Amino acid sequence: MSFSKYISGIFKALKSLIGGMRETWKELWTKKVTMQYPENRKTLVISDRWRSELIMPHDENNEHACTACGICMMNCPNGTITVTPKMIETEDGKKKKILDTHIWNYGTCTFCNLCVITCPSNAIIFNNDFEGAVFNKSKLIHQLNHEGSKLREKKKEPVAVKTPTTTSSDSTATPATNKDEIISKVKENNSLTASVGGNDSTNVEKTVEQPKQTNNNKDKTNE
Amino acid sequence: MLLLNYSQPLELSGIIESVDTFLRTNMSPGWATFVEGVIVCVAILALYCIIALALIYIERKITAFFQARLGPNRLGPYGVIQSIADMVKILIKEIIHINRSDKFLFYAAPFFVIVSSFLAFGVIPFGIDLQAIDFNIGVFFYTAASSIGIIGVLLAGWSSNNKYSMLGAMRSGAQFVSYELSAGFALMTIVVLSGTMQFSELVEGQRYCWNLFNGHISSIIAFIIFMISGHAETNRGPFDLPEAESELTAGYHTEYSGLTFGFFYLAEYLNMFIYCSIATTVFLGGWMPIQIPGLDALNEVMWYIPSYVWFFGKTGLLIFLSLWVRWSFPRLRIDHLLNLEWKYLLPINLVNLLVMVVIVLTDTSLAGLFPSLLATN
């Protein structure tokens, strides 16, 4: 190493060091990126695609779009959704299957979105409400359909609207026990992790009468 | 002294003097000296801890700002109580006993480190009359006292019965011994310039012209070398390879916990402060306010700001510089580190010392060139 190289090396090094310090000096005055979470709740922006809690949107008449077909339950990979339909008799004497309870377990959900994609009537969606922590495991089990809600009819005469109101009045009485039963069943499923799949498949056979093929077709059209 | 020409309303000399006369009127001279000694000890210990806590908080904040974060902000306003909480945590932690370690050396090591730090801390002139003891060889005493710390580090690494600790200690030893050399030479350059090793005389000599400017080119080189070797000696900045987290977990203090670790931690932070304060005293005029000969009005205003504020202000500036450097540069490799010292800093330093001798002999320092403007007496 020649002497001139030695000297020029020192100055080169000094120059690059000062360049580095200039960069950090700029960084010192930049806007800080820290998000102070609990305080910035109001300005917090969560991505639209963020999946946090499964909900069933209800309109102002307390009506939802779920036909209790059970496709979401069938598609759920780990038995997180339990759909319980019930049969009612409409005024003109026809038997009709409506939704009794739609139970979703926050604790076992993997947020894969399969239920939302496959739902033929777009009755359920994931919302942005990410603060789902609770102190009790049983609070993780959500019933998605509201108390006394009914299926949204497709432009029917007022006769059809009347009938569900009668059913809704007795649905407040009977489903209460029904719902408790299902919640306890879901809890059982959770505790018997090994038999979750088996239990579910039996549930599916009991409660769902939709043929599998239509389900697949709907899948494709939806996607 | 010349200083008394100016009014200094906020200085602490009055309080110190009254305490002294009170003790001496009420006690025999021997007891009065003893009690004063105890008071000074307690004051220094308290100051040591307070400065350490403040430094840890300031360092964490500034570090965060350099990384576009906010730093501690939960405990108290702007997180000011954070370091006190950390201290309490470290005090109540268990001191873990390491199997097959050298018990005596293991527990003695932190004391070497902290005692050397205390000794060096004791000679710093914080302001007018705010110096525990004013040796006539103050600079030399500082160099000697701060070198004891490395024994503690080596003992810690050796007695821990841990490869990483051992490697860290060896690196630290190599680094410290090397850079002590250039730090000593840089100080020697200034001692040549000012002709004294006593801190009070060093400060007084820089009344109108800081040593940093007085020896112009030679002083500036000495200052840069002193700051670089300071970083290296305190295991900070780009020279933190003795405790390189990613390679050696924590280096020589890997096996320490609780208070024993706290000692190392405290000493590391305080060594940075001590280093910066020595640099302040030797190069930047210590506690002396900025004085311009002839402008008496300005000088008087400057004296209204108490000397300890000047001292901590200048030291704070240097600490900020040290943090700035720390968060700018990547860590050096051990061979690069030693290259830097033995192939660059040391030869430059030796030449620089000679240049300074020539400057002093030919009387071409700034004070020598413009005696009417800058000479002290």
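**A tour of chain B**

Select helix 6 (residues 149-159) of chain B: nine of its eleven residues are buried, so the helix is largely enclosed by the rest of the structure. Buried means that 20 or more other C-beta atoms, placed from the backbone, lie within 10 Å of a residue's own; helices are DSSP runs (H or I, at least four residues), numbered from the N terminus. This is a predicted model, where local features need pLDDT of at least 70, side-chain atom pairs count only at pLDDT 80 or more, and totals for chains, interfaces and linings use all residues. Residues are numbered from 1 along each chain as its sequence is written, while chains are lettered from A in the order in which they are written.

Colour the buried residues, including B:G149, B:L154 and B:S159. They pack against helix 4 (103-122), helix 5 (138-147), helix 7 (163-194) and helix 12 (258-283) of chain B. After helix 6 of chain B comes B:N161, with a positive phi near 60°.

Next, select helix 2 (residues 29-66) and helix 3 (residues 82-91) of chain B, which pack at an angle of about 120° with axes 8 Å apart. Axes are lines fitted to C-alpha atoms over the stretch in contact, and angles run from 0 to 180 degrees between N-to-C directions. Show B:L53, B:I56 and B:Y57 of helix 2 and B:Q82, B:S83, B:I84 and B:M87 of helix 3, which make the contact (C-beta atoms, placed from the backbone, within 7 Å).

Terms used
A residue is buried if 20 or more other C-beta atoms lie within 10 Å of its own, exposed if 12 or fewer, and partly exposed in between; C-beta atoms are placed from the backbone. Helices (H or I, at least four residues) and strands (E, at least two) are DSSP runs, numbered from the N terminus. Two residues are in contact if their C-beta atoms, placed from the backbone, lie within 7 Å.
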